[in-house]
Amino acid sequence: MSLFEAQNISVRFGGIRAVDDVSFNVEKGEVFSIIGPNGAGKTTIFNLISRIYNSTEGKLILDGQDFTKTPPNLVAGMGIARTFQNIELFPNATLLQNLLIGRHCHSTVGLFSQLAFTGATRRAEIQHREKAEDVIAFLGMQRYRDALIANLPYGVRKVVELGRALCIEPKLLLLDEPSSGLNVEETEGMGFWIEDIKKDLGITVIMVEHDMALVNQVSDRVMALNYGKVLAMGSPRDVQTHPEVVKAYLGGDLEDAA
Amino acid sequence: MRYLFRTDYRQDTSLARHGGDLFWYGLLLIVMIAFPMLLGEFYVGEMGGVFIFAIAGVGLMLLVGYTGLISLGHAAFLGIGAYTNSVLLARGVPFVITLPLAGVFTALCGAAIGLPTLRMSGLYLAIATLAFGSIVGTIFQKWSSVTGGFDGFAVPTPTIFGVGLDGATGIYYVSLAVLIFVLWISANMLRSPMGRAMVAIRDSEVSAQSMGINLARYKAMAFAISAGMTGLAGGLFAHYVRFLAPDAFDVLLSVQFVTIVFVGGLGSLHGAIFGAIFVRLLPQFIAIVRDDLPFGIGRLPGLEPSLFGLVLVLVILFQPGGINGIWLKAKHWFTAFPFKRQTSSRRQKSYAKSERLR
């Protein structure tokens with residue numbers, strides 16, 4: 001059984017079908033990339049999976065469990081973590097606090113216990129801290145631990161956002177353009193981290209990405225979208241040489257246009 | 001310069017960061033306890049007023065400074081607390097019960113106003129809370145069988161375990177105790193998941209939601225806790241003024257609370273205290289210098305509100321960190337002496353602004 005399955009999902013914004021009857025499944029331990037020109041509906045699919053948008057039709061299934069109608073704040077608890085294309089960290093909090101917010105879905109201490117900061121709260125806090133510290137060590141962010149996010153460079157923030165998603169301890173990680181805004185070296189580093197996340201942590205990854213080098217480096221399978229429809233799905237090489245995909249990126253040849 | 005060398009996660013979860021904190025806060029506490037023995041009734045009364053405003057300021061700080069929700073209706077919460085406490089006290093309920101009840105009842109009112117306004121933010125929330133404030137003000141006026149209406153309401157003298165709190169000193173100590181309690185609750189909240197959830201909501205709602213934070217629940221809780229603290233302040237305020245009139249809880253008082261939060265410094269509990277000191281002492285300062293001002297400025301009507309407004313605008317324009325920001329900079333200057341640089345407190349401009357999902 002696949003870890004994640006999208007069955008015929010569609011979403012309409014007014015007259016525009018941003019995602020049109022898209023189906024795919026992601027196996028456990030796989031890195032699945034979604035590519036496509038701007039406006040193809042890639043990020044919209046992410047917003048559907050993280051339940052920020054309601055799908056007009058179709059079903060979303062994680063581990064055999066239908067979550068098409070789950071409220072967005074319960075998605076993290078189910079084991080789905082995501083990053084955002086333009087970084088949505090909490091800029092006026094420290095890196096450590098950002099990671100600890102990622103632990104929120106694992107906090108079970110009651111309100112009054114928190115207000116009095118009882119022993120139970122303290123123990124839970126220390127446990128969360130240990131997990132966050134593991135992530136800091138994994139991503140090598142020790143020197144920024146107490147820095148405000150607002151004072152960190154863009155490349156580091158991108159890694160922090162990845163770390164915050166890892167703090168959720170997800171089964172499925174959604175990476176929305178992990179390389180956008182990064183230089184060549186940072187993009188390469190991001191590629192290694194994605195490989196480590198897959199191999200060492202065993203987390204399944206769905207990634208939206210434009211950088212084909214990164215896609216080729218890490219993906220097991222690729223899906224190409226255009227105008228909300230699936231153009232091709234398969235190994236990175238097959239998808240990139242698929243005539244429909246080439247046409248979507250480079251335009252049709254002259255005979256077609258005529 | 002102090003460098004914190006941390007060897008245990010426990011250090012990060014404890015309230016005092018190091019021995020210096022314990023020493024200075026302990027010293028402050030001793031001075032505050034000894035204060036009424038050293039100074040006269042007038043100063044004790046003024047200081048009590050500062051404490052009461054600081055309690056409400058801490059409550060509003062949690063809402064505005066940490067959760068990012070504005071409220072222009074906190075005077076109404078103060079009023080609800082004041083009337084709840086006084087009406088119950090007049091019916092013979094002991095003070096040790098009426099004061100907590102005032103807090104709890106106001107917290108419930110806060111949750112009730114918080115729930116319908118959850119989908120609002122910014123200006124719309126400000127207007128909604130403003131409307132709430134004026135509705136509550138009207139209720140205080142019209143429900144005269146309980147509140148005494150425009151005739152006012154003489155607040156009975158409270159007693160704690162047989163000791164009457166008729167002078168300024170009694171209220172001073174109760175207010176100090178409540179302020180410490182409120183600060184303790186707030187500090188606990190801010191170092192636990194609840195406080196972090198609030199900060200997350202303030203900084204990015206969409207990603208807070210993706211982290212598993214229930215926006216509606218936490219916003220309503222923030223409203224309730226903030227209102228509850230303001231209600232406690234209201235209960236004490238009733239004894240501070242000793243006579244409740246409905247027009248005491250108008251929008252001008254709400255603006256004073258907002259001034260506490262902004263002038264004190266958004267996003268810090270210290271700021272709430274600094275702000276309360278400022279707001280309570282500025283009128284006294286004006287009263288002292290009023291006669292010595294040239295060209296008859298001192299006799300102009302509306303001098304006080306305009307000065308409040310001017311200071312609020314100047315702080316927002318030139319000192320967004322408020323008094324707490326100045327304090328932190330001063331502290332940095334001393335700890336880093338003589339290595340303070342022109343740029344050390346200047347925030348870097350960020351050119352990568354995110355497009356927010358709404």
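**Close-up views of a predicted two-chain model**

**View 1. A bridge between Met223(A) and Met233(A).** Met223(A) has Met233(A), a residue of β10(A), as its bridge partner. Strand β9 (residues 221-226) of chain A pairs with β10(A) in the antiparallel sense over 5 bridges; strands count as paired if DSSP finds at least two bridges between them. Strands here are DSSP runs of E with at least two residues, helices are runs of H or I with at least four, and both are numbered from the N terminus. This is a predicted model, in which local features need pLDDT of at least 70, side-chain atom pairs count only at pLDDT 80 or more, and totals for chains, interfaces and linings use all residues. Residues are numbered from 1 along each chain as its sequence is written, while chains are lettered from A and ligands numbered from 1 in the order in which they are written.

**View 2. The open sheet of chain A.** Step back to the sheet, and you can follow 6 strands in the order β6-β7-β8-β3-β9-β10, with mixed pairing. β6 (80-82) and β10 (229-234) of chain A are at the edges with a single partner strand each, so one side of each has no neighbour in the sheet. From one strand to the next, the twist averages 20°.

**View 3. Helices on the sheet.** Helix α7 (residues 184-199) of chain A lies across β3 (31-35), β7 (172-176) and β8 (204-208) of chain A and runs at about 150° to β8(A). Angles run from 0 to 180 degrees between N-to-C directions, with axes fitted to C-alpha atoms, for helices over the stretch in contact. Helix α10 (residues 243-250) of chain A touches β9 and β10 of chain A, and its direction makes about 125° with that of β10(A).

**View 4. Where α3(A) meets α5(A).** The axes of helix α3 (residues 95-102) and helix α5 (residues 119-139), both of chain A, come within 9 Å and cross at roughly 115°. That makes the two helices, α3(A) and α5(A), roughly perpendicular (65 to 115 degrees). Leu96(A), Leu99(A) and Leu100(A) of α3(A) make the contact with His128(A), Ala132(A), Val135(A) and Ile136(A) of α5(A); contact means C-beta atoms, placed from the backbone, within 7 Å.

**View 5. Chain B against chain A.** Here 34 residues of chain B are in contact with 38 residues of chain A. On the chain B side, α9(B) gives the most, with 7 residues.

Technical notes. Angles under 35 degrees count as roughly parallel, over 145 as roughly antiparallel, 65 to 115 as roughly perpendicular and the rest as oblique. Two residues are in contact if their C-beta atoms, placed from the backbone, lie within 7 Å.
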